[in-house]
Amino acid sequence: MVTHLFLDDPSDQDVVKEQFNASVPSEDLERFAKSIADVAEKMTTYAGSAADPGEYGKLIAARLCPNTLPYELGTSAAFEVSSFNGRALATMRWM
């Protein structure tokens, strides 16, 4: 969903999406964080949902880059706004 939500610039949409899909997570911060932060900042500004949209955009980019889901062995899983550590199986619901 990162490519559809944050890397959806019509002027170079296919190129950036293909680059993202072909890259490795260790390259995400350098190659894609600014674009992700810019989109998050713009949407946050439109919504008026953060006191500092620029800083919020950087926070979102830091959360998404690298595009991995970390997990520390031997700890409880959690996927919350303030922090995440894998995904807790108890919160998943299948319909």
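This note goes through the predicted model point by point.

1. **Ground rules.** This is a predicted model: local features need pLDDT of at least 70, side-chain atom pairs count only at pLDDT 80 or more, and totals for chains, interfaces and linings use all residues. Residues are numbered from 1 along each chain as its sequence is written, and side-chain values use heavy atoms, with hydrogens and water left out.

2. **Overall layout.** The protein chain has four helices and two strands. Their order along the sequence is α-α-α-α-β-β. Helices (H or I, at least four residues) and strands (E, at least two) are DSSP runs, numbered from the N terminus.

3. **Burial and surface.** The protein chain has 95 residues, and 26% of them are buried. Buried means under 20% relative accessible area, exposed over 50%, and partly exposed in between (1.4 Å probe, protein chains only). The accessible surface of the chain is about 7,200 Å². Carbon and sulfur atoms hold 57% of that surface. These areas come from the Shrake-Rupley method with a 1.4 Å probe; for residues, only the protein chains shown count as cover.

4. **The core.** Nonpolar side chains tend to be buried together in soluble globular proteins. The largest nonpolar core here has 13 residues. L7, F32 and I36 touch the most other members. Helices α2 (13-22), α3 (28-47) and α4 (53-64) each give two or more residues. The largest share, five residues, comes from α3. A nonpolar core is a set of buried Ala, Val, Leu, Ile, Met, Phe, Trp, Tyr and Cys residues joined through side-chain atoms within 4.5 Å.

5. **F32 and F20.** Contact means heavy atoms within 4.5 Å. Leaving aside neighbours within four places in sequence, F32 is in contact with L7, V16, Q19, F20 and S23. F20 lies in helix α2. Its relative accessibility is 10%, so F20 counts as buried. With the neighbours within four places again left out, F20 is in contact with V2, T3, L7, D28, F32 and N67.

6. **C65 and a cis bond.** Most peptide bonds are trans. The bond that joins C65 and P66 is cis, with omega about 5 degrees. C65 is in the loop between α4 and β1, and P66 is placed in that loop too. C65 counts as buried because its relative accessibility is 5%. Beyond its neighbours within four places in sequence, C65 is in contact with D28, L29, A33 and I36. C65 and S26 are 39 residues apart in sequence, with their C-alpha atoms 8.3 Å apart.

7. **P70.** Is P70 buried or partly exposed? P70 has a relative accessible area of 37%, so P70 is partly exposed. P70 sits in the loop between α4 and β1 (78-79). Its C-alpha atom is 7.7 Å from that of F84, 14 residues away along the chain.

8. **The second largest pocket.** This pocket has a volume of about 260 Å³. Its lining has 14 residues, and F6, L7, D8, D9 and V39 are the closest to its centre. By class, the lining has seven nonpolar, two polar and five charged residues. Helices α1 (2-5) and α3 each supply at least two lining residues. The largest share, five residues, comes from α3. A pocket, on a 1 Å grid over the protein atoms alone, is an open set of points where a 1.4 Å probe fits, with protein on both sides within 12 Å along at least five of seven lines; lining residues have an atom within 4 Å of a point.

Key: Grid points are joined across faces, edges and corners, and a volume is the space filled by probe spheres set on the points. Ala, Val, Leu, Ile, Met, Phe, Trp, Tyr, Cys and Pro count as nonpolar, Asp, Glu, Lys and Arg as charged, and the others, Gly among them, as polar.
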